[in-house]
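Dear colleague,

Please find the structure below, together with its sequence. My notes on it follow.

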Amino acid sequence: MIAIYPGSFDPITFGHADIIERGSKLFDRVIVTVVRNPSKTPLFTVEERIEQILRSTQHLPNVEVDSFEGLTVNYAKIRQAKVLLRGLRVLTDFEMELQMAHTNKTLLGEIETVFLATSNEYSFLSSSVVKEIAKFGGSVDHLVPKHVALDIYKCYASRNQLASNPIVPASALRTNHLRTQPPSEIPPEPQE
């Protein structure tokens, strides 16, 4: 059984990683798909987001990362997926996601949407929250994998370099692991 987990993942957070890890235990294969949305201005390119997700999920052998533009159900049909995986944080998520699930069902009758409730510790977390905190110089290393936090700090530092002397939070220099991994499975950070 193949599940598609679509989203913008701009950037991937520990909440996303939690859904991916839990989904990987339920399905034979989970394809995390970065949706190309031309109406949005993302912080990271599609290629950068794919790389961030690949590094965050490298310990999960049945997880694949891809991207697409268009209707999710068309992509699911191409990949022969029968399930769309979605995470739910709050009640407003459910209303929007239920409407989307019904819409997708009208477009492709054999597709099912499976909702996973976000773990309590990530119920407040979204990519938008992460970007807002980082934009104003706050630490995000407890919200995203370390390599993603460093990418975010570099991105905002380069954007703010002309305006002022950017400050990278000291916490960004501390070790931060993908919290869904046991310490024994943490891959070494590449040396630069």
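**Confidence and findings**

For the chain, the mean pLDDT is 87, and 83% of its residues reach 70 or more.

This is a predicted model, in which local features need pLDDT of at least 70 and side-chain atom pairs count only at pLDDT 80 or more, while totals for chains, interfaces and linings use all residues. Residues are numbered from 1 along each chain as its sequence is written, and side-chain values use heavy atoms, with hydrogens and water left out.

Helices (H or I, at least four residues) and strands (E, at least two) are DSSP runs, numbered from the N terminus. Two strands are taken as paired if DSSP finds at least two bridges between them.

The five strands of an open sheet are ordered β3-β2-β1-β4-β5, with parallel pairing. Because β3 (63-68) and β5 (112-117) stand at the edges, each with a single partner strand, one side of each is left without a neighbour in the sheet. From one strand to the next, the twist averages 30°; axes are lines fitted to C-alpha atoms, for helices over the stretch in contact, and angles run from 0 to 180 degrees between N-to-C directions. Strand β4 (residues 83-88) runs parallel to β5 and is joined to it by six bridges. Leu-88 stands opposite Ala-117 in β5.

Helix α1 (residues 14-26) has 13 residues, which at 1.5 Å a residue should span 18 Å; its end C-alpha atoms are 19 Å apart, which agrees. The expected span is 1.5 Å times one less than the number of residues. Ten of the 13 residues of α1 are buried, that is, under 20% relative accessible area (1.4 Å probe, protein chains only). Among them are Phe-14, His-16, Ile-19 and Ile-20. The buried residues of α1 pack against β1 (2-7), β2 (29-35), β3, β4, β5 and α5 (127-135).

Arg-79 lies in the loop between α3 (72-78) and β4. Its side chain makes polar contacts (N or O atoms within 3.5 Å, one able to donate a hydrogen and the other to accept it; residues adjacent in sequence count only if both atoms are side-chain atoms) with the side chains of Glu-64, at 2.6 Å, and Tyr-75, at 2.9 Å.

Yours sincerely

Terms used:
pLDDT is the predictor's confidence in each residue, from 0 to 100. Buried means under 20% relative accessible area, exposed over 50%, partly exposed in between (1.4 Å probe, protein chains only). Contact means heavy atoms within 4.5 Å.
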